[in-house]
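Here are my notes for someone opening this one for the first time. Keep the viewer open and take the points in order.

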Amino acid sequence: MRPVTLLLAFTFPVALVANAAPDSAQNYPKLKPGQWETTTVSSTSPGAPQNKITMCTDDSVQKQMMNIGEGMRREMCSKADIRREGGKFIGDSVCKIGPGTMKSHSVMTVDGDSAYKTVVSATYDPPFMGMTESTTTIEGRNVGPCRDGLEPGDVVTATGQKFNLKSMANLPHAMPPATPPSNAK
C-alpha cells in the first residue's frame, strides 16, 4: 500500500467522525481502545487480496489520528462537508493532490465503538497515478486488547512491516502543500 494511502486508511475513519461533530469532541463515536484489524479493498487493484492492517490504539492515538486527518483536510481540501444521517456519516470533499484535484464522496457506517465500514468513491482531474476514478472500501473491527507485543500506535502492515504512528507526528508532511507558501516580509 502506498504511504499516503496507508496514512489515509488510518486517519480517514477517525477524522471523518471527529469532523462530523466539531462543536464537541465528546459527540463523535469514539472507537474502542485495543487491537484493530482493518481491511482495505480498492477498485484500482481488481482481484487483489484485501490489504489487512493490524493496529493497537488508545485515546491518545485516536486523538493523534484526528489531528493528522484534520491537518490534511485543512492543508489539502477546499471543501470537506460532512453530515450525519442516522448511523451513517456522509462526506463530500474536493482536495488537491499534487497538481490535480480529487473529488470524493464517502459513506461511513459505525457499529457501536467496535466496528466501522467506509466506502469512498473518488474522481481525479487530471488522472492521478493513471487513475481517473476509484472506489475504496475500508472495514475495521476491534478484536480485543492489544497483543502480540503491540503498544498503542503500533501498526503492522500486510507485508509484516511494523511502525508506530506516534513517531509519524515528527515526520514531514506526506504530501507537499497544494500551493507554495508565499514569502512573508
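1. Let's begin with a pair of strands in this predicted model. Strand E6 covers residues 115-128 and strand E7 covers residues 131-144. The two run antiparallel and are joined by 10 bridges. If you want a landmark while you look, find Val119, which sits opposite Thr137 of E7.

2. Now zoom out to the whole sheet. It is open, it has 9 strands, and they line up as E3-E4-E5-E6-E7-E1-E2-E8-E9 with antiparallel pairing. Which strands stand at the edges? They are E3 (77-85) and E9 (162-164), and each has a single partner strand, so one side of each goes without a neighbour in the sheet. From one strand to the next, the twist averages 20°.

3. For the overall plan, the protein chain has 3 helices and 9 strands. Follow the sequence and you read α-β-β-α-β-β-β-β-β-β-β-α. Of its 185 residues, 39% are buried. Among contacts with a separation of 6 or more, 53% are between residues 24 or more positions apart.

4. Two hairpins are worth a stop. E3 and E4 pair in the antiparallel sense over 8 bridges, and in this pairing Cys77 has Cys95 of E4 as its bridge partner. Their hairpin has 2 residues between the strands, and Gly86 there takes a positive phi near 60°. Next along, E4 and strand E5 (residues 100-111) also make a hairpin with 2 residues between them. Here the antiparallel pairing runs over 10 bridges, with Asp92 facing His105 of E5 as its bridge partner. Gly98, in the turn, has a positive phi of about 60°.

5. What lies across E3? That would be helix H2 (residues 59-76), which also lies across strand E2 (51-57) and strand E4 (88-97). H2 runs at about 130° to E3.

6. While you are on H2, look at Glu70 and Arg74. Their side chains meet in a salt bridge, 3.3 Å from N to O. Why do I mention their spacing? They are 4 residues apart in the helix, which means that about one helical turn separates them. The cut-offs are under 20% for buried and over 50% for exposed.

7. How many salt bridges does a search of the whole structure find? The search gives 8. In general, side chains of opposite charge can pair when their charged atoms come close. One of these salt bridges joins Lys79 to Asp81, with the closest N and O atoms 3.9 Å apart. Both ends are partly exposed, Lys79 with a relative accessible area of 36% and Asp81 at 44% relative accessibility. Another links Asp154 and Lys162, where the closest N and O atoms are 3.7 Å apart. In that pair, Asp154 is buried with a relative accessible area of 8%, while Lys162 is partly exposed at 47%. Finally, Glu37, Lys52 and Arg141 are linked in a network of salt bridges.

8. The structure holds 2 aromatic pairs. One of them is formed by Tyr124 and Phe128, and it is stacked: 5.9 Å centre to centre with 25° between the planes. Is Tyr124 buried or exposed? Tyr124 is buried, with a relative accessible area of 12%. Phe128, on the other hand, is partly exposed, with a relative accessible area of 27%.

9. One last stop is the loop between strand E8 (154-156) and E9, where you'll find Thr157. Thr157 counts as buried, at 13% relative accessibility. Its side chain is joined to that of Thr159 by a polar contact of 3.0 Å.

Note on methods:
Residues numbered from 1 in each chain as written. Predicted model: local features only at pLDDT ≥ 70, side-chain atom pairs only at ≥ 80, totals over all residues. Heavy atoms only, no water. Pairing = 2+ DSSP bridges. Axes fitted to C-alpha atoms, helices over the stretch in contact; angles between N-to-C directions. Contact = heavy atoms within 4.5 Å. Salt bridge = Lys/Arg side-chain N within 4 Å of Asp/Glu carboxyl O. Buried < 20%, exposed > 50% of the residue type's maximum accessible area, 1.4 Å probe, protein only. Phe/Tyr/Trp six-rings, centres within 6.5 Å; stacked < 30°, edge-to-face > 60°. Polar contact = N/O pair within 3.5 Å; in protein donor to acceptor, adjacent residues only side chain to side chain.
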